[in-house]
Amino acid sequence: MAPISSVVTTRLIVALAVLSICLLMASAAWAHAVVLETSPEDGAELSTAPREIWLRFNEPVVPVSVRVLDASGTAITSPEGVSREAETVRVALPDGMKQGGYVISYRVTSGDGHPVAGSIVFGIGTTPEAEPADTAASDGAFSIISVAAVTMRALHYGTLLATAGGGLFIVLVLGHGTASSASLTTGLCLTAIVAGATSVLGVGLAGATLQGFSVDGLLTAEVWRTGLASSVGVAAMVAFSGLLSSVVGLALKGRVGNVALICGALLAAASLAATGHAATAPPEWLSRPLVFVHGLMAAYWVGALWPLVKVLREAPADEVIYAVRRFSGIAVIAVIVLAGAGGVLSVLQLGAMDAVTNTPYGWVWLVKMTLVAALLSLAALNRQRLSPALVKSTTRDGASAYLLLDRSVRTEIAVVAVVVLATASFGLTPPPRALLTQDGAGESRRHDHDPDGARPAGERHGYTTVVMAGQRMATIEIDPAQPGRNRFKAYLTEPGGSVVKPLEAHIDMANPGAGIEPITRSLNITAQGTVDGEIDLPMAGRWTLALDVLIDDFEKAVFRTELNVPEGAGP
Amino acid sequence: MNIKNVAINLGMALCLAGWSGNAGAHGYKAGSIEVEHPWARSTAPSAPSGAVYMVLSNEGKDADRLISASTPIAEKAELHTHIADDGIMRMRPVSAVEVVPGSPTPFAPGGLHVMLLGLKQSLVSGKAFPLTLNFEKSGSVTIQVEIQGAGAMQPSHGGSELPK
């Protein structure tokens, strides 16, 4: 077969496989193909990083998604690295894999088109448990794609606020059609273009992150479709229309121009409320409007800085004084509203004071607040000292008041840039409220007092739940319910309270949110009718657990529960 | 089939009908979760703690879970269960209690219960008190817990002990 047609055939097969999976998704995953052998073996501890991993099935299979994820849940392999020869699927591994735990999550179709999925866990230089969660999180957070996403987001926020706020400055401070506002047009068009371009790239990066692709995934249409369908896509479209409105507003004069500029600013603020952690913090009816207001006020302030410098340097003295006074009058209100909205959002996001010092999100917040404090001091200095001095100096020639204010506003711009970067970095880490209340586990853990001091201290971090299957009851303990190795124990009772002594028991752990297919571990059965074993939870997130117990030759019971494994919570 | 058997069957059927008819008077709903026959045993005047029993069933399609409880008559309410650990029954706090569709979760003496710690008043037979149950998805519901005699092993079905 010629190479080209072989490529076509492969693509056709993959397409058919995907189609058949879609059709079969609703039905149970009948395991028509089974894994016979893998390299590395499930649960293996390797001393050095392998070049590749492979899975051998009992029959030829078509890989649909075979990925290797590190302890933070980031895929380290690309779909292009997956190859297949008959019943063996190989995945090339990147160089420089760090010590730590990894998961091979696979989904293939067997010859009859049935999907087969599962996961295999291995460790490099360690037992296959996760790295300490905080280092794992930061390793994942600073992958190329997330650094690119943060840079892109920061650039987008900065230019979006500059464009929207520049428009507001023209409408509210300078007046549309004046010579000073005309001098801003070119600059604002430029920021609008950058803001537009970064919003488009942001969509691609969001798609790549969601699909688990790396930066080169941007070349595939699928990534862009995924990105566009996400809330980032919605935000980008709102931002785009806002930018368009602003540019039209700059071109048009008079009332229509004013309306277009204000519309642009409102849409820009709305785009910020369309996506992100802050806008989705419960209760959303409160957080979304707050993000909108926070964004609009930030736009007014941030967007005025560059025009202020421009006016300070170029406009005649009376116009400068007029502009500074007008800006300052509105800015006082804007800053109060900005800080108020930001304060409420912080409370919603952080949940508790100790989150500030205990979580990466809290650290980023602390950096932002320190810079904001500096920014507010500068603003106060400008308002209380520098602006009155400027008004007093009658001519602008040789007046140090102009130079001082110019320098101060330029410093503000520099600080604002870092504040925006910090704000963009919030996206890297989950907000503490997510860790606390994702499934109520944190909530109940806070109520999890020790009634009589009888409980060993070590159990306090674990998670205990009670699940029914028919009339049988299982009390399930997972300790410490954190990424890494966990002790699993279940007590099974019949309706009357007598213990169940099963013939066989195993547990399936999956993390659908992170795309991890079920990891199966068999459990020991003790003489007292409890089942226990060691399980590895490679990463944080919401895990679904199914405890499968064979009661006798004819009956089995499946106890299902979900477990929220928090990130970064040290033992 | 003789007359006696028919009579017994009829009697049982009537009992069941009466029982289920009464369920409405004791039943509470939070979203898709139904709380049936909440009851507690009366306590001695100085007793520091008490326990609440009931049956939780899920009428919906998705699993839910009870994550906490509270009542104004006690310092705190915890979710506890009894487990046989190495043959010894132990009481153990749990983080949550799952309520899955199709499998009602019984809270009963010797098993699951809501433990009331630091009772502010003793539980007097014939009275009732409010208890708020918080479910992960279905939200909260406040139920009235009927107090029965100290030796009771199951809820009274008559409803005659409700305070008039």
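Start with Pro480(A), which sits in the loop between β10 (472–479) and β11 of chain A. This is a predicted model, and here the peptide bond from Asp479(A) to Pro480(A) comes out cis, with omega near 5°. The loop between β10 and β11 of chain A also holds Ala481(A). Ala481(A) is not a glycine, yet its phi is positive, at about 55°.

Chain A has another cis bond to look at, the one running from Ser39(A) to Pro40(A), with omega near -5°. Pro40(A) belongs to the loop between β1 (35–39) and β2 (44–46) of chain A. Here are the two cis bonds side by side:

| Peptide bond | Omega | Loop holding the proline |
|---|---|---|
| Ser39(A) to Pro40(A) | near -5° | between β1 and β2 of chain A |
| Asp479(A) to Pro480(A) | near 5° | between β10 and β11 of chain A |

Now for the place where the chains meet. The size of an interface is often given as the accessible area lost when the parts come together. For chain B and chain A, that buried area is about 2300 Å², with 54% of it on carbon and sulfur atoms. Chain B brings 27 residues to the contact and chain A brings 31 residues.

What about charges and polar groups across the interface? There are 2 salt bridges between chain B and chain A. Glu136(B) makes a salt bridge with Arg542(A), and their closest N and O atoms are 3.5 Å apart.

On the chain B side, the elements that give two or more residues are β4 (64–70), β5 (74–85), β6 (88–93), β7 (96–99) and β8 (105–107). Of the side that touches chain A, β5(B) gives the most, with 7 residues. Sorted by class, this side of chain B has 12 nonpolar, 7 polar and 8 charged residues.

Last, the empty space inside. Rolling a probe the size of a water molecule over the atoms shows where empty space is left. The count is 1 cavity of 30 Å³ or more, and the largest cavity has a volume of about 30 Å³. Which residues line the largest cavity? They are Tyr491(A), Leu492(A), Thr493(A), Val499(A), Gln528(A), Gly529(A), Thr530(A) and, from chain B, Ala84(B). Strand β11 (residues 484–493) of chain A supplies the largest share of that lining, 3 residues. By class, the lining splits into 4 nonpolar and 4 polar residues, with no charged ones.

Key
Residues numbered from 1 in each chain as written. Chains lettered and ligands numbered in written order. Predicted model: local features only at pLDDT ≥ 70, side-chain atom pairs only at ≥ 80, totals over all residues. Heavy atoms only, no water. 1 Å grid on protein atoms, 1.4 Å probe; cavity = no way out; pocket = protein on both sides within 12 Å on 5 of 7 lines; lining within 4 Å. Points joined across faces, edges and corners; volume = space filled by probe spheres on them. Helix = DSSP H or I, 4+ residues; strand = E, 2+ residues; numbered from the N terminus. Nonpolar A, V, L, I, M, F, W, Y, C, P; charged D, E, K, R; others polar. Contact = heavy atoms within 4.5 Å. Buried area = accessible area lost by both parts, 1.4 Å probe. Salt bridge = Lys/Arg side-chain N within 4 Å of Asp/Glu carboxyl O.
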